[in-house]
Amino acid sequence: GTYLIVITKKKKVGEIFSHAIWKATDFDILSYKKTMLHLTDIQLQDNKVFLSMLSHVLSVDGFYFSTTYDLTHTLQRLANTSPEFQEMSLLER
């Protein structure tokens, strides 16, 4: 199934160039479907295994984010990008 993962708790771990860097510490996994009645028994079992694996991955330490700084690129790469790239939103990048 399709799920939305929501960060419900975070902890500030530092700053890069005065941009806050956060560590995600707790999550909610929300289903887009209101009910699972449309699933077969095999699909229900697969969904249960999927949710278990997803919960395990989210429990691993090390999910970091920033709402104002691009953590997906190194400082070296960001220093060598065009001003247009720097002005783009994180979503557009």
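Trainee: What makes the three strands an open sheet, and in which order do they run?
Mentor: The order is β1-β2-β3, and the pairing is antiparallel. Strands are DSSP runs of E with at least two residues, helices are runs of H or I with at least four, and both are numbered from the N terminus. Two strands pair if DSSP finds at least two bridges between them. β2 and β3 have two bridges, in the antiparallel sense. The edge strands, β1 and β3, each pair on one side only. Within the sheet, Trp22 stands opposite Phe65 in β3.

Trainee: What should I know about the source?
Mentor: This is a predicted model: local features need pLDDT of at least 70 and side-chain atom pairs count only at pLDDT 80 or more, while totals for chains, interfaces and linings use all residues. Residues are numbered from 1 along each chain as its sequence is written, and side-chain values use heavy atoms, leaving out hydrogens and water.

Trainee: How many aromatic pairs are there?
Mentor: The count is two. Rings of Phe, Tyr and Trp (its six-membered ring) pair if their centres lie within 6.5 Å; planes under 30 degrees apart are stacked, over 60 edge-to-face, the rest tilted.

Trainee: Why is the pair of Tyr3 and Phe50 called tilted?
Mentor: The centres are 6.0 Å apart, and the planes make 35 degrees. Tyr3 sits in strand β1 (residues 3-16) and Phe50 in helix α1 (residues 41-59), 47 residues apart.

Trainee: Is Tyr3 buried or exposed?
Mentor: Buried, because its relative accessible area is 16%. Buried means under 20%, exposed over 50%, and partly exposed in between (1.4 Å probe, protein chains only). Phe50, at 34%, is partly exposed.

Trainee: Why is the pair of Phe27 and Phe63 edge-to-face?
Mentor: The planes stand at 80 degrees, with the centres 5.9 Å apart, so edge-to-face applies. Phe27 is in strand β2 (residues 19-31) and Phe63 in the loop between α1 and β3 (64-65), so the pair ties together parts 36 residues apart in sequence. Phe27 is buried at 16%. Phe63 is partly exposed at 32%.

Trainee: How do you know that Lys10 lies over the face of Trp22?
Mentor: Lys10 is at 4.0 Å from the ring centre. The rule asks for NZ of Lys or CZ of Arg within 6 Å of the ring centre and within 35 degrees of the ring normal. Lys10 is counted as lying over the ring.

Trainee: How do you know that the span of α1 is close to the expected one?
Mentor: Its 19 residues reach 27 Å from first C-alpha to last, close to the 27 Å expected. The expected span is 1.5 Å times one less than the number of residues.

Trainee: What does Phe85 touch?
Mentor: Phe85 touches His73, Leu78 and Arg93, not counting residues up to four places away in sequence. Contact means heavy atoms within 4.5 Å. Phe85 lies in helix α3 (residues 83-87). Phe85 is called buried because its relative accessible area is 16%.
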